[in-house]
Amino acid sequence: MDVAEGAGEWVLLSYRLPREPSGPRTTLWRRLRRLGVGQLADGLVALPADARTREQLEWLADDVLQAGGTAGIWVARPAAAAQERELAGRMAAVRAEEYRALAEACRAAVADGPAERARALRRLRTEFRAIGRRDFFPPAERDAADRALRELAAATATAVAS
């Protein structure tokens, strides 16, 4: 989604869960984090609207209802492009931090032994793909993480070839 084009559609999940038991609240927050939502307010999150994001939030709304809470799905457009840019910027900043951490883990794994390096490469590739699924506004750090992952793969291949 190109924020520069103007305000696009977003799918919003408004929700409220009972404080006790705390398990459903924790589970919901973890799932929201995995999806990469933008937090608009307490109990209100957003994702760029497409069939996949809408379905994912609909599933979470069903989970909230089953846990005794209330939930609603909305499709909306920000009133101003600046609002959308700000939300997209916050979402990109979170992904940037995840990519920085991944690149750092790649650089650290290069110093490991061959077996540990191979395990780290598998784990970090999986993590890179997971971040990518929630990366709606790719930051520059994505390219740096990709390079670090390729360097780790090359170091792992070199060690295996030796």
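**From the strands to the helices**

Modeller: Strand 1 and strand 3 run antiparallel and are joined by five bridges. This is a predicted model, in which local features need pLDDT of at least 70 and side-chain atom pairs count only at pLDDT 80 or more, while totals for chains, interfaces and linings use all residues. Residues are numbered from 1 along each chain as its sequence is written, and side-chain values use heavy atoms, with hydrogens and water left out. Helices (H or I, at least four residues) and strands (E, at least two) are DSSP runs numbered from the N terminus, and two strands pair if DSSP finds at least two bridges between them.

Within the pairing of strand 1 with strand 3, Val11 stands opposite Leu47 of strand 3. Strand 3, residues 44-48, also pairs with strand 2, residues 38-41, in the antiparallel sense over three bridges, and here Gln39 has Val45 of strand 3 as its bridge partner. The hairpin of strand 2 and strand 3 has two residues between the strands, and in it Gly43 takes a positive phi near 75°. Strand 3 is mostly covered, with four of its five residues buried, where buried means under 20% relative accessible area, exposed over 50% and partly exposed in between, with a 1.4 Å probe and protein chains only.

The structure holds two aromatic pairs; rings of Phe, Tyr and Trp (its six-membered ring) pair if their centres lie within 6.5 Å, and planes under 30 degrees apart count as stacked, over 60 as edge-to-face and the rest as tilted. Trp10 and Phe137 have ring centres 6.0 Å apart and planes at 25°, so this pair is stacked.

Tyr99 belongs to helix 3 (residues 81-109) and Phe128 to helix 4, so the contact ties together parts that are 29 residues apart in sequence. Tyr99 counts as buried at 0% relative accessibility, and Phe128 is buried with a relative accessible area of 10%.

A salt bridge is a side-chain nitrogen of Lys or Arg within 4 Å of a carboxyl oxygen of Asp or Glu, and the structure holds nine of them. One of these joins Arg100 to Glu141 at 2.8 Å, N to O; Arg100 lies in helix 3 and Glu141 in helix 5, so this pair ties together parts that are 41 residues apart in sequence. Arg100 is partly exposed, with a relative accessible area of 37%, and Glu141 counts as partly exposed at 24%. Glu86 is partly exposed at 41% relative accessible area, as Arg90 is at 35%. Finally, Arg95, Glu98 and Arg134 are linked in a network of salt bridges.
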